[in-house]
There are 2 protein chains.
Amino acid sequence: MSPVKAGKRRTDGARAADGRTPGNRGRATRERLLKCTADLLEKTSYRDLTVIEIARCAGTSPATFYQYFSDVEAAILMLARAMAGHGAALATLIREANWKGKAGFDTAGELVNGFLELWEEHRSLLRVVDLATLEGDLRFQNIRTHLLNQVTEALRDVVETFRSQHPSDLDPTAQAATIVSLLAHVASHRYGFEFWGIRTDHIRRSVTRTLYWTVTGRQPPGA
Amino acid sequence: MSPVKAGKRRTDGARAADGRTPGNRGRATRERLLKCTADLLEKTSYRDLTVIEIARCAGTSPATFYQYFSDVEAAILMLARAMAGHGAALATLIREANWKGKAGFDTAGELVNGFLELWEEHRSLLRVVDLATLEGDLRFQNIRTHLLNQVTEALRDVVETFRSQHPSDLDPTAQAATIVSLLAHVASHRYGFEFWGIRTDHIRRSVTRTLYWTVTGRQPPGA
DNA sequence: TGGCAAACTGACGGTGTGTCACAAACCTAT
DNA sequence: ATAGGTTTGTGACACACCGTCAGTTTGCCA
């Protein structure tokens, strides 16, 4: 799979070719290659995603691809980095919304929806990020963390707020991480549920209630 | 990646070579190949797992591999099928244990441990099962469902038991699926948590409490 | 020991990878 | 417009893996 075992894991950020200053045309093809990588990732299984096809789609030769990325993974890494920022919006939602009473329950619902939408938007990318993370790839693990940690930390702070009124021996960070796990997994397996006859809407309500309860430590209003 | 695009997704169960009756030597090498596939899956990333290496490990030629499996995925599929049965033990635990009061809380803890152990045992395999499932591969999706559905259904029944005393408008199946999502995700990202300073033990307690509450609809005892 | 099915493999055409050295396209200053 | 320099693209290559098939080896037992 990798003819030159050594030279594979090259470091490369948004590098321009060898080390030259990037021009206009260059950025265009780079963008085209990224777009094609993303598109093909939707249609092709990760294992079968190939440089040749990406190049063909972008209307260039495979050699050109290697001028911008060291391998397919590197291109996916770029896409993932671009996506990771989107976690910020969720964190902001958590921090600025009201978590008390009925309004709090609505906030929980919005957060669940936020997760479902984020995963809907970046489904195929998140698949690979998850796999690579589980395989121990630190670069992807960092991205995943960057994405989810913002949410986890925001949730932890909310949990701590309620802790004063409602003491508990649980670790707030662990509770927040638990919730984030739930949200991430449900969001990514949404279609799996539907396939087996479990309506997304039912899941949404169930998760919302669990979320509210775990964060606030109280029974949801009107349950 | 696949020279003959057509002939790839061949059907093959525990088939013996072409159509011949399986002998003793045959089963042995088949087993050896499976073992090597499993071992290499631990060390190699899924994307880089290759027939050549599997064959080398098993001390045979690559051609031999193709006498038993149509491709690497098929071998992994076999391993996954063998593992899927292990969900039964968890379902039994759920069905036969007591879910009331303090004993119920202990049951919840045991279930969480059961998940952690199952994932510990089959980490690399479950990674691939998850990816393939999310990529829409029905064969893997079936395996994953077979594994998790037993648990989900058992939990749903328990949820319904409590429902009579504690009415709710939530769909019991959705609640069970929610819980199973939580358990599966936490089990698979266990090391990720530890890496970021969240002790598995804290997660375990947090999940146990959420599990107990969702199943019974009551505050855990001694909280 | 001969015969026969089961098990294995060498060799091959096809496709993908990753690296060059070189060619083409694009400035920009004269 | 055009020469000279830089950026960008590519053909060709050496290597690795895939998946097939014809033909060989192995093991069994009559």
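I took buried to mean under 20% relative accessible area, exposed over 50%, and partly exposed in between (1.4 Å probe, protein chains only). The model is predicted, with local features needing pLDDT of at least 70 and side-chain atom pairs counting only at pLDDT 80 or more, while totals for chains, interfaces and linings use all residues. Side-chain values use heavy atoms, with hydrogens and water left out.

Entry on Asp157(A). I found its side chain in a salt bridge with Arg95(A), at 2.4 Å from N to O. Asp157(A) sits in helix H7 and Arg95(A) in helix H5 of chain A, 62 residues apart; helices here are DSSP runs (H or I, at least four residues), numbered from the N terminus. Asp157(A) is partly exposed because its relative accessibility is 28%, and Arg95(A), at 47%, is also partly exposed.

Entry on Glu120(A). I looked up its salt bridge with Arg190(A), where the closest N and O atoms are 3.4 Å apart. This pair links distant parts of the chain, from helix H6 to helix H9, 70 residues apart.

Entry on the chain contact. I saw Arg209(B) and Asp169(A) meet in a salt bridge of 3.2 Å, N to O. Arg209(B) lies in helix H10 of chain B and Asp169(A) in the loop between H7 and helix H8 of chain A, so the pair joins two chains. Arg209(B) counts as buried at 10% relative accessibility, whereas Asp169(A) is partly exposed at 46%.

Methods: Residues are numbered from 1 along each chain as its sequence is written. Chains are lettered from A and ligands numbered from 1 in the order in which they are written. A salt bridge is a side-chain nitrogen of Lys or Arg within 4 Å of a carboxyl oxygen of Asp or Glu.
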